[in-house]
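Dear colleague,

I am handing over the structure we spoke about, with the sequence beside it. Please open both first, and then read the notes below with them in view.

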Number of protein chains: 4
Amino acid sequence: MPFFGRFSRGELRLHRIEAFSDGVFAIVVTLLVLELAVPLLKDHDSASELAHQLRELLPKFLSWLISFIIVCKFWLNHHHILGLARHANYAMVWLNSIFLMSQSFVPFPTAMMGEFPTNPLAVSFFGVVMAINTLLFIALHLYIMRRLLKPELEGGQDPHIVAKSMVGPLSYLLGAAVAWVSSHAAFVIYMLKPLFFIVPPKWHGIRE
Amino acid sequence: MPFFGRFSRGELRLHRIEAFSDGVFAIVVTLLVLELAVPLLKDHDSASELAHQLRELLPKFLSWLISFIIVCKFWLNHHHILGLARHANYAMVWLNSIFLMSQSFVPFPTAMMGEFPTNPLAVSFFGVVMAINTLLFIALHLYIMRRLLKPELEGGQDPHIVAKSMVGPLSYLLGAAVAWVSSHAAFVIYMLKPLFFIVPPKWHGIRE
Amino acid sequence: MPFFGRFSRGELRLHRIEAFSDGVFAIVVTLLVLELAVPLLKDHDSASELAHQLRELLPKFLSWLISFIIVCKFWLNHHHILGLARHANYAMVWLNSIFLMSQSFVPFPTAMMGEFPTNPLAVSFFGVVMAINTLLFIALHLYIMRRLLKPELEGGQDPHIVAKSMVGPLSYLLGAAVAWVSSHAAFVIYMLKPLFFIVPPKWHGIRE
Amino acid sequence: MPFFGRFSRGELRLHRIEAFSDGVFAIVVTLLVLELAVPLLKDHDSASELAHQLRELLPKFLSWLISFIIVCKFWLNHHHILGLARHANYAMVWLNSIFLMSQSFVPFPTAMMGEFPTNPLAVSFFGVVMAINTLLFIALHLYIMRRLLKPELEGGQDPHIVAKSMVGPLSYLLGAAVAWVSSHAAFVIYMLKPLFFIVPPKWHGIRE
C-alpha cells in the first residue's frame, strides 16, 4: 500500500503539535464565553430586570459549564496520550487534526443547546457531537498505542483500554437518546459523564 | 480514600499546563476589546458626533482597562505560583482548569458592567466574579504550597500568605457591596485593588 | 544593494516564529466556527424546524470543513519547511508574516462562500484567496531552500519541488474559474485539492 | 524608594513572558479579520451586486492591511528587544503588560477607521493610538537597555537609538494631524510609516 504507507513516514516534532493543539484547546474554551451575550434591558439601572434576565440565561451558563469541563478533560487526556508517543508521523498529525476539528466545532452545539435547552434536537445534537469527539480521540489514542508507543511503555498499557473507553461515546449517545424524552435528564447525563474517568485510568508517571 | 487518592497521582508536564494557561490568559485579555463596538453614526463624516459617541463609551473603556489589569495580575501571580511546583498532578490540573474557567468568564461581567455602569447588580456582579476568581486562585496556590512545593523552597514560604491573600476577595466583595450605594465608588475600588500586591509579596528569585 | 542586504542579516530565534505562527494557525481554524451562527426559530421547541434550519446551514458546514482541512495542511507544510531552515532572518520573517496575513484572511472568504454558495463571485473569490495563500507559501519555501537551508540537507531537496508545487495554486484557480459555470463543481475541486500532497512529497526524517 | 525598589526585584522566566506576548500578538492580528463582515445581498446569486459590495469594503481591507503590518512589526521588534534582556523583573513585566494592553486595543481603532474612513476623528484616533503604542514600546526598550541588558551586549547598543525611535510616534502623530486636512493623505502616511525601520536598526546576531 504505497499510498497509506506514506502516512506512517516522517518523524515530526511533537512540540509543535502540542503547541498547535494547546492553542486550539485554549481558544475553544475561551470562545465559549462569547455565547453569553449581555442581555438587553428596558431600564438600564434596574437590578431586578437584570436579575430576571440573568435567570433566563441559566441554560446558557449550564451549557458553557458543561462544555468547558468536557474540553478541559479532552485536553488533559490529550496531554496524557501524546506523552505515550515516541514521535509523530503524518497519520498521527491528520488523526490529531480531525480530532481538533471536532473540538473546534464544540462552540456551535454548545450555543445551540444553550439557546434552545428544551428542543430535543438541539440537546441531542450536543450529545452526538461529543460522542464523535470521543470516537475521534479514541482513534488517535489507538493509533499512538499501536504504532508510536515509546518502547519503554510496551506491555504496560491496559489491553482493555479501548473497550473501556467506549463507555464515553456510549454515555453521550445515551444522553442524546434521552433528550427526546426529557431534556433535563440529558443535561444531567452530560454533566455527570465527565466526572467518570476524570483521571486517565492508567498513568505511568512519565515526566519529560 | 482511593478516589481522591488518584488525584494526587501522576506527574504531568508543567510546560503544557503553562502553554494552555498562557493561551487562555492571552485570549481573555485580547477578547475583552471585542466588547468595544464601533459606534453607529448618522453622519459618517462628523467628528463631533463621533467624539460624543466615544464619550458615551467611557464606561466600556474603563471596564476594559480594569479587567485587563486584573487578568494580567492573575497571569503574573500564576507565573509565580507555578514556579513553586516541582511537578503537576491531577488535582492541580483540575484546580487550575476551574480557575481558568473563572478567568475565561471575565469578558461577560466586564461587558455587562461596561453596558450598564449605573446598574448596581451589574457592577456588583463584576466584584463577585472577581472575588470567586481570587478564591479559586488561592485554592490553587495553597494546594501547590502544601503538596507540590519544590523541596528547596520548604520553609521559605510566608506562613501568613493565605491570610494575607484574603485581602483580595474581601476587597472585591467590598466593591460589590458598595455598588449598591454608589457605582462610582465601586469602580474606584475595582481600579485601586490591583495596585496592592502588584508584585507578589515574597519572591525567591527562582529562575528556571 | 545595501537596502535589500539588510533583510538577509540577523539570526532570529526560530522558536518564537513557530510560536507566533502556531498561534495564528490555531486561532484561524478555531475562529472559523464563529461563522456557524445558531439559527433563529419561531418555535423554540420544534425539532423539525431546527432540522430544517440546520439543513440550510449545510453550505456553511461544508465551507468550514474545506477551510479547516486546508489550513491544517498549510500548518503541516509550514512545520515541514521551517524544519529545513538553520535559522531565521528578516526576509524570512516578513515572507512568513505576509503568508500568515493571507492565512488570517481565510475566515472572510470562507464565510462569504458559506453565505452565498451559489454566487459565482463568492465561490470564485475563495479559490483566488487560496491560490494567493499557496503562492505566498511557495515564496517562503523557496527562500528557505535557497538561503537558509541546513547544510546537511543540501543536495537532498527535489529540484522540481517548486514546479510541482505550482499544481496547488493552479488547482485553486481552476476551481475559481469553474465556479462561474457550476458552483457545485467548484466545491468538489476545493474539497479534492487538499487530498493531493496531503503528505509533504519529500521528508527527510529530521527530528529536532 | 522601597516601593519602586520592589519592581526591580525578581527574576522571571522570559519564556512565559514570550509565550503570553506571542499569544496576544497572534490573537490581535487574527481578530482583525472579524471586522470584515460578509456583506448583505438582495440577490444572493448576483456577482455584480457582490462585486459592488466588496468595493465598498475597500477602506476596511486597507485598515486591516495597515494594522496587520504594524502589529507584525511590533512583534518583530518585541522579539528583538526581549533578546537583549538577561532576565525579566516586575517592572519589565508591567511595562510589557501595558504595552500589550495598547496592542490588544488596536482592533478597535482599526475597525473605526475602516467604518468611517473619511471621518477626521476616526482616522486621527488611529494615529494617536499607534503613537501611544510606539511610546509604550520605547519605554519597554529603554528599561531593558538600562536595567536588564545582557552583560555581553554592554557598549554595543547605539546611544542614539531612543532619539531615532522617536521618529515612530512623530510619524503617527503627523498622520493624525494630516487626517484633519485629508484622510487619504493620512492613510498614505500610515501605510508608508512601517516601511521605515522594517528591520531593527542594530542587530547583533544573537541566537539563543
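A residue is called buried when its relative accessible area is under 20%, exposed when that value is over 50%, and partly exposed in between. Please keep in mind throughout that this is a predicted model.

With that cut-off in hand, is D:Ser183 buried or exposed? Its relative accessibility is 13%, and because this is under 20%, D:Ser183 counts as buried. D:Ser183 belongs to helix H10 of chain D, which covers residues 183-192. Its side chain reaches the backbone oxygen of D:Pro117 at 3.2 Å, and, once neighbours within four places in sequence are left aside, D:Ser183 is in contact with D:Pro117, D:Thr118 and D:Val123.

Next come the places where chain D meets other chains. Between chain D and chain C, about 4,000 Å² is buried, and carbon and sulfur atoms give 72% of that area. This contact takes 46 residues from chain D and 39 residues from chain C. One salt bridge is found across the interface of chain D and chain C, and in it the side chains of D:Asp22 and C:Arg16 meet at 2.7 Å, N to O. On the side of chain D that touches chain C, the elements giving two or more residues are helix H2 (14-31), helix H3 (47-56) and helix H4 (58-82) of chain D. The largest share of that side, 12 residues, comes from H4(D), and its residues divide into 32 nonpolar, eight polar and six charged.

What does chain D bury with chain B? Here the two chains bury about 4,000 Å² between them, with 72% of it on carbon and sulfur atoms, and the contact takes 40 residues from chain D and 46 residues from chain B. The salt bridge across this interface joins D:Arg16 to B:Asp22, whose closest N and O atoms are 2.7 Å apart. Among the elements of chain D that each supply at least two residues to the side touching chain B are helix H5 (90-105) and helix H7 (120-148). The largest share of this side, 10 residues, comes from H2(D), and by class the side has 25 nonpolar, eight polar and seven charged residues.

Over all chains, the structure holds eight salt bridges. One of them brings together the side chains of C:Asp22 and A:Arg16 at 2.7 Å, N to O; this pair crosses between chains, from helix H2 (residues 14-31) of chain C to helix H2 (residues 14-31) of chain A, and both C:Asp22 and A:Arg16 are buried. Another salt bridge lies within chain A, where A:Lys60 and A:Glu115 have their closest N and O atoms 2.9 Å apart. Because A:Lys60 lies in helix H4 and A:Glu115 in helix H6 of chain A, the pair ties together parts that are 55 residues apart in sequence. A:Glu115 has a relative accessibility of 32%, and so counts as partly exposed.

In soluble globular proteins, nonpolar side chains tend to be buried together. The largest nonpolar core in this model has 277 residues, of which A:Met92, B:Met92, C:Met92 and D:Met92 touch the most other members, and its largest share, 13 residues, comes from H4(D). Not counting residues up to four places away in sequence, the residues that C:Met92 touches include C:Leu14, C:Ile17, C:His87 and C:Tyr143.

With best wishes

Definitions and conventions
Residues numbered from 1 in each chain as written. Chains lettered and ligands numbered in written order. Predicted model: local features only at pLDDT ≥ 70, side-chain atom pairs only at ≥ 80, totals over all residues. Heavy atoms only, no water. Helix = DSSP H or I, 4+ residues; strand = E, 2+ residues; numbered from the N terminus. Buried < 20%, exposed > 50% of the residue type's maximum accessible area, 1.4 Å probe, protein only. Polar contact = N/O pair within 3.5 Å; in protein donor to acceptor, adjacent residues only side chain to side chain. Contact = heavy atoms within 4.5 Å. Buried area = accessible area lost by both parts, 1.4 Å probe. Salt bridge = Lys/Arg side-chain N within 4 Å of Asp/Glu carboxyl O. Nonpolar A, V, L, I, M, F, W, Y, C, P; charged D, E, K, R; others polar. Core = buried A, V, L, I, M, F, W, Y, C linked by side-chain atoms within 4.5 Å.
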